[in-house]
Amino acid sequence: MEFGKRAAAMEAAGHTVIQLNIGEPDFGAPPAVLQAAQRVAGDTRMTYTAALGLPALRQAIADFYLRAHDVRVDASRVVVTAGASAALLLVTAALVDPGDEVLVGDPSYPCNRQFLAGFGADVRLVPTDASTRFQLDSRLVREHWSARTRGLMIATPSNPTGTSAPPQELRAMCEFARQRDAWRVVDEIYLDLADGDAGGRAPASVLAFDDEAVVINSFSKYFGMTGWRLGWCVLPPQMVPVVERLAQNYYICPSTLAQHAALACFEPASIAVCEQRRAEFAARRRLVLDGLREAGLRVPVEPDGAFYVYIDVSSTGLDAMSFCERALSEAHVALTPGNDFGVSGAARHVRLSYATSREQLREGLDRLGGFVRALAAQGRAA
Ligand SMILES: Cc1ncc(COP(=O)(O)O)c(C=O)c1O
């Protein structure tokens, strides 16, 4: 956020900054959603909806699980929320008691530990590295489990690395936690922006093998609707009334306009648009990985989804913070330091987001290449 503000200030001062720090797709909502929003704004009284969301939207999300991921989810378990953020807030409020220990991979999406700590959890950050694709795995979970561990929080694919937990590992971790009566929250916000398996099948939702996992998802990323503030979670049936009361108290209901418009996300034309965009992200990923290699920057694990690449900048002699600061001030490229996402290895990694056009990416990679070459020349002269 700080680098974003500085990039905006530099733009305002007349510089062209290539913003590779932004975690939101550049596409916007599918056209049918925009048309639906205009229609709905004209002819719908914008009253509150049910706290759990419009029944038709809950059903459409349940149907999407069957069509896209071959899992049967009853619509009564789907709760529409004000973005994945509200889903994370609701489920941590429902699940966490003060003093509960929760295992979270490091690096990971930084807000999770704030939600957990806010409800009194003892957040245990488990260091991960390239050997586990920067994800928790069953060995790490077993090693760090204690008598006070009550839950696991996983995002796959992950922000900041764009890497997924292999399905067999996800399954083993969930099974380990289930056997110990612990909950598992699996954030699948980037699932539909992940590569399929070798047989061309869509990436599997955790619900395919753990029906009682709490699943978080959103309209923000795959559907390109960050500002609409709409997401959902899939809950075990006994949690639904608890989360319903929490949602009623916290924010009454998600945006009525956004919910009506989001119904159009599931029309075949919208899914076709989103699938084209998924392919575009894959092409951008290739372009970025090639460009980084040419620039001499190492990517310890190639991402398989989302729109992030986690780069090891240690060969430049700079730590992540200095690298980001100097890349911004000297090359006018905005990136995000690993320090935003954890502690382990954070000072040697930076996150690059490729949620921007290929032209911008090419220009950003050119500038980064020049910047890294200049650093190397300064190193030789010193
Ligand atoms: C892993 C992860 N979870 C949740 C969120 C929050 O998303 P939303 O816009 O749906 O609130 C983000 C946003 O970047 C994210 O990266």
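Visitor: In which kind of crossing does helix 4 pass helix 8, left-handed or right-handed?

Guide: In this predicted model, helix 4 passes helix 8 in a right-handed crossing. That label applies when the near helix is turned clockwise from the far one by less than a right angle, and left-handed when anticlockwise. Residues are numbered from 1 along each chain as its sequence is written.

Visitor: What makes helix 4 oblique to helix 8?

Guide: The axes of helix 4 and helix 8 (residues 240-250) cross at roughly 120 degrees and come within 10 Å. Such angles run from 0 to 180 degrees between N-to-C directions of lines fitted to C-alpha atoms, for helices over the stretch in contact. Under 35 degrees is roughly parallel, over 145 roughly antiparallel, 65 to 115 roughly perpendicular and the rest oblique, so helix 4 is oblique to helix 8.

Visitor: Which residues make the contact of helix 4 with helix 8?

Guide: Helix 4 supplies Leu-90, Val-91, Ala-93 and Ala-94, and helix 8 supplies Val-242, Val-243, Leu-246 and Ala-247 (contact: C-beta atoms, placed from the backbone, within 7 Å). By class there are eight nonpolar, no polar and no charged residues (nonpolar: Ala, Val, Leu, Ile, Met, Phe, Trp, Tyr, Cys, Pro; charged: Asp, Glu, Lys, Arg; polar: the others, Gly among them).

Visitor: Why are helix 4 and helix 5 described as roughly parallel?

Guide: The axes of helix 4 (residues 83-95) and helix 5 (residues 110-118) cross at roughly 30 degrees and come within 9 Å. Helix 4 and helix 5 are therefore roughly parallel to each other. Their contact joins Ser-85, Leu-88, Leu-89 and Thr-92 of helix 4 to Cys-111, Asn-112, Phe-115 and Leu-116 of helix 5. Five of these residues are nonpolar, three are polar and none is charged.

Visitor: How do you know that strand 2 and strand 4 are edge strands?

Guide: The open sheet of seven strands has the order 2-8-7-6-5-3-4, with mixed pairing. Strand 2 (78-81) and strand 4 (122-127) each pair on one side only. Pairing requires at least two DSSP bridges; strands (E, at least two residues) and helices (H or I, at least four) are DSSP runs numbered from the N terminus. Strand 3 (residues 101-106) and strand 5 (residues 149-155) meet this with four bridges, in the parallel sense. Val-102 has Gly-151 of strand 5 as its bridge partner.

Visitor: What is the omega of the peptide bond from Asp-106 to Pro-107?

Guide: Omega is near 10 degrees there, and the bond is cis. Pro-107 lies in the loop between strand 3 and helix 5. The bond from Thr-156 to Pro-157 is also cis, with omega near -10 degrees. Pro-157 is placed in the loop between strand 5 and helix 7 (167-179). Most peptide bonds are trans, and most residues other than glycine have a negative phi.

Visitor: What phi does Asp-70 have?

Guide: Asp-70 has a positive phi of about 60 degrees, although it is not a glycine. Its place is the loop between helix 3 (55-69) and strand 2.

Notes. This is a predicted model: local features need pLDDT of at least 70, side-chain atom pairs count only at pLDDT 80 or more; totals for chains, interfaces and linings use all residues. Two residues are in contact if their C-beta atoms, placed from the backbone, lie within 7 Å.
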